[in-house]
Structures are given as C-alpha cells and as structure tokens.
Amino acid sequence: RQYPWGEKFDTNRCNSVESGLGHTTPVSQYPTGVSPYGCYDMAGNVWEWCASWYDKSQNKRMLRGGSWLLAPVFIRSAPRYRLPPTDRSGSLGFRCAQDIA
C-alpha cells in the first residue's frame with residue numbers, strides 16, 4: 001500500500017499540507033485514514049520518532065510517516081528521515097505502543 005488506506009492519496013484521510021490546516025490534529029480526526037490494523041495517523045500529522053538509529057554512527061534517529069507540513073509523496077510510512085534525538089519541532093512526535101498481552 002502506498003498509504004494506510006490504499007494506493008491513492010486522499011486529502012480527507014490524513015493531515016498533510018493539502019488539508020490546509022497548518023497544525024497537528026487529534027488522533028481521531030481522520031477515522032477514514034485508519035490502517036487495516038486499526039492504527040491512526042500512520043501518514044501525515046507528525047513525523048514519528050522510531051527507536052532505531054538511522055545508521056551505524058548512532059547520532060541520528062529515524063523518523064517515519066511525514067507531517068502536516070509535507071506533500072503526499074512524503075507522508076507515507078515508507079519514506080524515512082533522520083534527525084539528532086535532541087531536535088524538537090511542532091512537526092515531530094512519537095507513538096506509544098503496547099503489546100496486547
């Protein structure tokens with residue numbers, strides 16, 4: 001899938017530059033953009049910090065998912081970006097996850 005919901009971009013399914021909001025949104029803002037696994041905001045809204053390092057130098061963490069500042073090509077889960085873990089921005093965030101057990 002190009003996007004969590006399918007192959008075609010849809011402005012009504014995520015927070016991107018095309019939505020014109022200019023800020024982050026609550027997780028429940030785009031219920032039609034949910035993935036088949038029940039995950040919200042896997043595309044757009046904020047870049048999400050990942051636990052993995054970008055490369056062997058271990059000075060930059062990986063980010064995925066794009067943000068509300070970006071065009072559709074950059075807000076999929078596949079593209080990755082990197083920043084030092086000390087960077088802060090209104091377009092960066094993280095996802096809390098827990099095992100079902």
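Which residue in strand 2 stands opposite Trp49? Keep that in mind while we get oriented.

**Before you click**

This is a predicted model, in which local features need pLDDT of at least 70 and side-chain atom pairs count only at pLDDT 80 or more, while totals for chains, interfaces and linings use all residues. Residues are numbered from 1 along each chain as its sequence is written, and side-chain values use heavy atoms, with hydrogens and water left out.

**Stop 1: the whole chain**

Show the cartoon first. Along the sequence the pattern reads β-β-β-β. The radius of gyration is 13 Å, close to the 13 Å that the globule rule gives for 101 residues, so the chain is as compact as a globular protein of that length. That radius is taken over C-alpha atoms, and the rule is 2.2 Å times the number of residues to the power 0.38.

**Stop 2**

The 4 strands make an open sheet in the order 3-2-1-4, with mixed pairing; two strands pair if DSSP finds at least two bridges between them. At the edges, each pairing on one side only, are strand 3 (80-83) and strand 4 (92-93).

Select residues 47-53 (strand 1) and 61-64 (strand 2): they run antiparallel, joined by 3 bridges. Here is the reply to the opening question: Trp49 stands opposite Leu63. Stay on Leu63, whose bridge partner in strand 3 is Tyr81. Strands 2 and 3 are antiparallel too, with 4 bridges.

**Stop 2: arginines over rings**

Select Arg61 and Trp53: Arg61 lies over the face of Trp53, 3.8 Å from the ring centre. Next, pick Arg82 and Tyr54, where the charged end of Arg82 sits over the ring, 4.8 Å from its centre. The test is NZ of Lys or CZ of Arg within 6 Å of the ring centre and within 35 degrees of the ring normal.

**Stop 3: an aromatic cluster**

Show Tyr3, Trp5 and Phe9, which form one aromatic cluster. The structure holds 3 aromatic pairs, meaning rings of Phe, Tyr and Trp (its six-membered ring) with centres within 6.5 Å.

How values were computed
Rings of Phe, Tyr and Trp (its six-membered ring) pair if their centres lie within 6.5 Å; planes under 30 degrees apart count as stacked, over 60 as edge-to-face and the rest as tilted. Helices (H or I, at least four residues) and strands (E, at least two) are DSSP runs, numbered from the N terminus.
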